[in-house]
Amino acid sequence: LQGIFVLGLPYALLHSGYSGLFLIILAAALCCYTGKILIAWLYEENEDGQLIRVRDTYEDIANACCKKLSPKLGGIVVNVTQVMELIMTCILYLVVSGNLLSHSFPYVPVTEKTWSVIAFVTLLPCVFIKTLKIVSKLSQLCSLVHFIIILVVMTYCLTQIHQWSWAKFRLSIEFEDFLVSVGVIIFSYTSQIFLPTLEGNMKNPGEFRCMLNWTHFFACVLKTTFALTAFLTWGEETKEVITDNLPSFLQTLVNLCLLTKALLSYPLPFFAATEIVYACISRGNHSNYRSPLFALGVRGSFLLLTLLMAMFIPHFAVLMGLTGSVTGAAMTFLLPSLFHLKLKWKKLSFLEKCADISVFILGFLCSLAGTVCSIKGLLEVFG
């Protein structure tokens with residue numbers, strides 16, 4: 001919930017004004033809600049009225065919703081969508097790592113692609129990750145580095161408090177720029193892909209809803225505080241990645257911290273994607289598909305694939321925006337609300353039905369608008 005997207009929130013405020021502050025709060029509430037209903041599908045009541053976990057993954061939920069059309073159609077759609085988003089996320093971390101290294105050592109005669117290869121070498125141990133416990137340790141370190149970055153940026157901003165002015169906020173906004181801001185804010189909260197696995201690995205799954213409430217609340221407070229202080233410091237000069245606004249003596253330090261964060265962030269989407277792919281391949285009874293050596297091969301192939309795509313995909317940022325608009329909105333808003341209506345229709349109150357329908361419509365509009373803007377960007381890039 002506190003990913004690299006956070007560094008783009010001040011830029012989002014530049015283009016959304018006061019409405020951006022409201023969007024940060026609204027996005028937290030909506031993503032928390034869809035996370036809860038996603039986990040609610042995993043359970044069914046038994047004859048005694050007790051909740052029993054009858055499903056384990058997003059795929060199981062999709063198959064249950066689409067079983068009348070096809071027993072496996074829903075699962076295939078969800079798995080393809082999940083893997084696409086996770087692959088693009090992994091590629092983004094490699095591209096970002098190469099970019100950060102080239103900016104941190106501008107006098108070294110090495111291209112960004114070569115730096116990406118160097119970053120890739122440090123990620124080779126990921127092929128030996130077998131459990132979520134290892135990933136969680138790396139994520140803890142990632143969170144620590146993230147808070148160091150936020151602390152450095154906010155400390156500098158507080159030293160410039162004498163320059164702050166609320167007049168820097170826009171009252172009028174341009175529609176296309178506003179849509180970019182909506183995408184940045186919403187996708188900075190997305191975590192639905194990981195929630196079924198996370199809930200299933202908790203020592204006390206009964207605390208999941210409470211955990212989700214508190215994490216989204218604190219994420220909202222931190223995002224709002226960070227975005228506001230940074231924007232009030234630089235105003236119209238706010239750049240897409242706020243660390244680019246820092247003076248040069250701080251930029252190198254923060255860039256190296258960002259590099260560490262990007263490398264530590266890679267294992268989570270990598271582990272999630274390889275688990276989905278391996279589960280799909282090894283679903284049969286053939287023993288060769290369930291051997292540790294085969295699992296190692298799947299992880300190694302996936303790791304190499306992300307490097308090759310990071311090296312050869314042109315205009316990656318635009319393609320990432322297009323993929324995010326389609327898969328991110330689908331996994332965060334469209335599918336959770338649609339599946340909840342499908343599976344729980346008879347048990348839902350009128351207000352709950354209205355909430356799900358509203359979330360679905362909002363997600364559809366965000367996805368449509370983001371897709372149109374991304375396609376327009378692609379057309380401009382390719383002339």
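Q: Exposed means over 50% relative accessible area, and buried means under 20%. Taking that as read, is Lys-68 buried or exposed?

A: This is a predicted model, so the values are computed from it. Lys-68 has a relative accessible area of 75%, so it counts as exposed.

Q: Which loop is Lys-68 found in?

A: Lys-68 is in the loop between helix 3 and helix 4, and helix 4 spans 73-104.

Q: Which residues form the positive surface patch?

A: The patch consists of Lys-67, Lys-68, Lys-342 and Lys-346.

Q: Switching to salt bridges. How many does the structure hold?

A: There are three salt bridges in the structure. One of them joins the side chains of Arg-55 and Glu-44, at 3.1 Å from N to O.

Q: What does the pair of Arg-55 and Glu-44 tie together?

A: Arg-55 is in the loop between strand 2 (51-53) and helix 3 (58-65), while Glu-44 is in strand 1 (residues 43-45), so the pair links parts that are eleven residues apart in sequence.

Q: And Arg-55, why does it count as buried?

A: Its relative accessibility is 12%, and the cut-off for buried is under 20%. Glu-44, with a relative accessible area of 26%, is partly exposed.

Q: OK, next pair. Which residue forms a salt bridge with Asp-56?

A: Arg-53 does, and the closest N and O atoms of that pair are 2.9 Å apart. Both partners are partly exposed: Asp-56 has a relative accessible area of 47%, and Arg-53 has 27%.

Q: What about Glu-199, how far apart are the closest N and O atoms in its salt bridge with Arg-53?

A: In the salt bridge between Glu-199 and Arg-53, those atoms are 2.7 Å apart. Glu-199 belongs to helix 8 (residues 195-201) and Arg-53 to strand 2, so this pair ties together parts that are 146 residues apart in sequence.

Q: Is Glu-199 buried or exposed?

A: Glu-199 is buried, at a relative accessible area of 2%.

Q: New topic: Thr-332. Which helix does it lie in?

A: Thr-332 lies in helix 13, which covers residues 316-344. It is buried, with a relative accessible area of 2%.

Q: What does Thr-332 touch, not counting residues up to four places away in sequence?

A: With those residues left out, Thr-332 touches Cys-31, Thr-34, Thr-190 and Gln-192.

Q: Now helix 14. How is Cys-373 classed at 23% relative accessibility?

A: Cys-373 is found in helix 14, and that value puts Cys-373 in the partly exposed class.

Q: How far apart are Cys-373 and Glu-176, in sequence and in space?

A: Cys-373 and Glu-176 are separated by 197 residues in sequence and by 7.4 Å in space, C-alpha to C-alpha.

Q: And Leu-365, which helix does that lie in?

A: Leu-365 is in helix 14 (residues 350-381). Its relative accessible area is 48%, so Leu-365 counts as partly exposed.

Q: How far is Leu-365 from Glu-59?

A: The C-alpha to C-alpha distance between Leu-365 and Glu-59 is 24 Å, and the two residues are 306 apart in sequence.

Conventions: Residues are numbered from 1 along each chain as its sequence is written. This is a predicted model: local features need pLDDT of at least 70, side-chain atom pairs count only at pLDDT 80 or more; totals for chains, interfaces and linings use all residues. Side-chain values use heavy atoms; hydrogens and water are left out. A salt bridge is a side-chain nitrogen of Lys or Arg within 4 Å of a carboxyl oxygen of Asp or Glu. Helices (H or I, at least four residues) and strands (E, at least two) are DSSP runs, numbered from the N terminus. Buried means under 20% relative accessible area, exposed over 50%, partly exposed in between (1.4 Å probe, protein chains only). Contact means heavy atoms within 4.5 Å. Patches are made of residues with over 30% relative accessible area and no salt bridge: like charges are joined within 9 Å, nonpolar side chains (Val, Leu, Ile, Met, Phe, Trp, Tyr) within 5 Å. Accessible areas come from the Shrake-Rupley method with a 1.4 Å probe; for residues, only the protein chains shown count as cover. Lys and Arg count as positive and Asp and Glu as negative; His and the chain ends are not counted. The place of a charge is taken as NZ of Lys, CZ of Arg, CG of Asp or CD of Glu.
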